[in-house]
Structure formats: structure tokens, C-alpha cells
Amino acid sequence: MFALLGHVQFDLIAYFDGFESQLGADFAEHALIEGKPRLQFIGDKLDEIRIQLAFHLHYCDPEAELAKLRGALSAHEAMALVLGNGSYKGRFVLTDVQAIAKHTDKSGTLIALEASITLREFVGDKKNPRPPLAVQPRLPPATARTLPVGANIAPPASSGAVRDSIPQAVTSATQAQSELRVTVDDVHMTQKLHANPVAALGRAPGLLNGMKRVAAPLENLSLTLARLSGKLPEASDLLRAGDDALGAVRNAQRALSVVHVGTIVGRIDYVAGQLSAAAGALASVAPSISRLATKVVTRAL
């Protein structure tokens, strides 16, 4: 589950298991000569959010992402927090960053990193409020895209349909990324069975099921982006990247559809390469889709 904090993109550990919110209100306590004291409401406390983050070399540069967090902490600026589903949580300042290196290679290069950040709500100056959000009704002219023979050509989407479609694209990309990571881990485990091709062959059905779970949200992503490409020029680039990821996953599926003991080792290595290509394509899609989601929640679309 990825989100966007300013220009920093990240994944939540185990979906919302890594997202903790703290809300509160302040009350003054007035003592009485007899009886219990009375409470008087003073005001609401600032919302506080604690997020557990996961960075892995497979889909990002953990060192670079940590550097972004350090930069955001040093900037002392309020940033918009937008979840991957397009939900705008408000503006927050980054007050605390804790990082734990979970995995490095022999040379010390960071492979996996877990971090915890604390955000506090930023309400600004009531005497000098930010200008209200404004809808921008004008959209770029539609651009054509060549679709496969027999494909259904969706009519141009309205502005409302565009705003509805982007969260769908975000959800599909998120699901695909999540399933892909699980499947890639399974493939890497299977690669360790080079000396035991029989055991590796026994894992092939499970790998195929995993790739099927990756392909399904990628297909939905392509359909959603195809509808958006007529209204948003940037959707065409996202569509190409999504199609590249889907094509790589399908190549991997075909490679494992018919295998035997003599071919399984080479096929697994090929599958690992194709899934790596799919992961790279999705990594290039994620930040752009997050920016589109930000435009939706800030009503820039």
C-alpha cells in the first residue's frame, strides 16, 4: 500500500497494520469545594499519525528514500499526505524518523530498510489561511491510442469519471505490487533449489498461481489507464509501463506452463528475470499514479 507525503513515496507495512492515528481533545479541569471537579472543553488536539514504512531494493533505492525522509525532516515544512487510494489526510509536518537496516549485502549496501515516522497535523495561521481548493475544469485535448483488434473502445471520460478512475488505477497498481513481491520471493526461494530440480518442479504450480494473482490487477490497471489516456496525456505513459509489466508477467507464465525436470532450472531463472522487469515497470508507474491521486484529492483535475 503506497502513499505520498509531499514528494516522498512509500509503502505501508502490511497495509493499515502500519498506520496509527492519534486524535484527542483538551479539557480544563475546574476544582470544586465539594464534589468532583468539572471539565470544560478548550479545543481539539493536533492529529498525530505514526507510520511504519518498508523500503526494499527490489522496488526502490532504500538509501535514497531515507535521504528523502531526512530532507523532509530538515525542511520543517507542512506536506500533503495522500494515501494510495486517493484519500487526502491533510497537511502534516514530519517530527520524527527512526530507521532500522534489516538487510545488507556483503559490501554493506542497504537492501531492506524499515522506518517509523511521526507526523503532526499542520493547521496553519488562521489569520492568513491558505487559498481554498479550486476545480480546474479545463483538461488537455484527447489523444488517440491504438488498441488491439477486438478491444472495447471506451467513450471519452468526463472529469468526474477521471477522478473516479484514478483511485481504481491506484488500487490495481498497489495490488499488483503486493502480489508481485510475494511471487518474486517465492521465485528466489525456488532458485536456491538448482541442485534439486525435482523439488523446484514441485513449486511450479504455486508460482503459476502467484503470477496469476499478479496478472489480474495488472489487467485491470491497463483497462483503467486506457480509459484515462484519452483525457490525461500522462496516462498514456503509465499505460505503456503497465502493459510492459503485464507482458513480462505473461512471458513468465508461458515459460512455466509446460516444464519438466530437465528444463525447470533454466525456466526459473528466466521467470526471475521477467518478474524483475515487471517490478521495474511498476516502480516507474507508482510515483506518477500517486501524483495523479494527489491532483484528484486537491481537485486539480
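# A first look at this predicted model

By the ring rule used here, the count comes to one aromatic pair; rings of Phe, Tyr and Trp (its six-membered ring) pair if their centres lie within 6.5 Å, with planes under 30 degrees apart counted as stacked, over 60 as edge-to-face and the rest as tilted. This is a predicted model, in which local features need pLDDT of at least 70 and side-chain atom pairs count only at pLDDT 80 or more, while totals for chains, interfaces and linings use all residues. Residues are numbered from 1 along each chain as its sequence is written, and side-chain values use heavy atoms, with hydrogens and water left out.

**The aromatic pair**

- The rings of Phe27 and Phe41 have their centres 5.4 Å apart and their planes at 65°, so this pair is edge-to-face.
- Phe27 belongs to strand β4 (residues 25-30) and Phe41 to strand β5 (residues 38-44), so the pair ties together parts that are 14 residues apart in sequence. Helices (H or I, at least four residues) and strands (E, at least two) are DSSP runs, numbered from the N terminus.
- Phe27 counts as partly exposed at 48% relative accessibility, and Phe41 counts as partly exposed at 46%. Buried means under 20% relative accessible area, exposed over 50%, and partly exposed in between (1.4 Å probe, protein chains only).

**Paired strands**

- Strand β7 (residues 79-83) pairs with strand β8 (residues 88-104) in the antiparallel sense over four bridges, and Ala80 stands opposite Arg91 in β8. Two strands pair if DSSP finds at least two bridges between them.
- β8 also pairs with strand β9 (residues 110-121), in the antiparallel sense over 11 bridges; here Val97 stands opposite Ile117 in β9.
- The hairpin of β8 and β9 has five residues between the strands, and Gly108 takes a positive phi near 95° there.

**Nonpolar cores**

- The largest nonpolar core has 40 residues, and Leu180, Met211, Leu218, Val249, Val271 and Leu275 touch the most other members. Such a core is a set of buried Ala, Val, Leu, Ile, Met, Phe, Trp, Tyr and Cys residues joined through side-chain atoms within 4.5 Å.
- Helices α2 (159-191), α4, α5 (233-257) and α6 (264-297) each supply at least two residues of this core, and α5 gives the most, with 11 residues.
- A second, separate core of 21 residues includes Val8, Ile49, Leu69 and Ile117.

**Thr224 in helix α4**

- Thr224 is found in helix α4 (residues 204-228) and counts as buried, at 4% relative accessibility.
- Leaving aside neighbours within four places in sequence, Thr224 is in contact (heavy atoms within 4.5 Å) with Ser165, Gln168 and Ala169.
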